[in-house]
Amino acid sequence: MADFKNQTFTDQTIDLDGNGYSACAFIGCTLRFSGGGVVRLDGCRFERCNLALDGPAANTIGYLTAIHAGLGDWGRTTVANLCATIQGGTPTKPPAG
């Protein structure tokens with residue numbers, strides 16, 4: 001794991017996997033996560049950045065998309081609950097099925 005502190009990254013693609021960033025600034029960057037390691041972001045600033053998912057992380061999004069699209073109300077509620085949990089909300093009980 002590489003640790004970066006008080007650095008500014010401008011117009012770059014940053015591979016986040018396994019790295020830690022403290023009090024860094026990201027300006028016009030693409031932040032890429034592939035699911036290959038824990039990322040630590042502490043007190044960082046982001047301007048005009050994009051998030052890109054690759055590899056296993058992108059596969060996870062594909063899996064959740066398939067659940068949402070293909071498993072009816074249960075699938076939609078299950079994915080909505082995951083999003084609510086990420087946002088600090090309270091999940092609802094998925095319908096039976």
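**Entry 1: Phe26**

Is Phe26 buried or exposed? I looked this up first: Phe26 has 0% relative accessibility, so Phe26 counts as buried. For these labels, buried means under 20% relative accessible area, exposed over 50%, and partly exposed in between, with a 1.4 Å probe and protein chains only.

A note to myself on the source: this is a predicted model, where local features need pLDDT of at least 70, side-chain atom pairs count only at pLDDT 80 or more, and totals for chains, interfaces and linings use all residues. Residues are numbered from 1 along each chain as its sequence is written, and side-chain values use heavy atoms, with hydrogens and water left out.

**Entry 2: the rings**

I went on to the aromatic pairs, and the structure holds six of them. Rings of Phe, Tyr and Trp (its six-membered ring) pair if their centres lie within 6.5 Å; planes under 30 degrees apart count as stacked, over 60 as edge-to-face and the rest as tilted.

Tyr21 and Phe26 have ring centres 5.4 Å apart and planes at 70°, so I noted this pair as edge-to-face. Tyr21 is buried because its relative accessibility is 1%.

Phe26 and Phe46 have ring centres 5.2 Å apart and planes at 5°, so this pair is stacked. The pair links distant parts of the chain, with Phe26 in strand 5 (residues 25-27) and Phe46 in strand 8 (residues 45-47), 20 residues apart. Strands (E, at least two residues) and helices (H or I, at least four) are DSSP runs, numbered from the N terminus. Phe46 counts as partly exposed because its relative accessibility is 41%.

I also found that ring pairs link Phe4, Phe9, Tyr21, Phe26 and Phe46 into a cluster.

In what order do the three strands of the open sheet stand? I read 1-4-7, with parallel pairing. Strand 1 (3-5) and strand 7 (40-42) are at the edges with a single partner strand each, so one side of each has no neighbour in the sheet. From one strand to the next, the twist averages 10°; axes are lines fitted to C-alpha atoms, for helices over the stretch in contact, and angles run from 0 to 180 degrees between N-to-C directions.

Strand 1 and strand 4 (residues 20-22) run parallel and are joined by three bridges; two strands pair if DSSP finds at least two bridges between them. Lys5 has Ser22 in strand 4 as its bridge partner.

Next I followed strand 6 (residues 30-33), which pairs with strand 3 (residues 13-15) in the parallel sense over three bridges. Ile14 has Leu31 as its bridge partner there. Strand 6 also runs parallel to strand 9, joined by four bridges, and Phe33 is partnered with Leu53 in strand 9.

**Entry 3: two loop residues**

Which phi does Asn6 have? It is near 55°, a positive value in a residue other than glycine. Asn6 lies in the loop between strand 1 and strand 2 (8-10), and Asn6 is exposed because its relative accessible area is 56%.

Arg48 is not a glycine either, yet it has a positive phi of about 55°. I found Arg48 in the loop between strand 8 and strand 9 (50-53), exposed with a relative accessible area of 62%.
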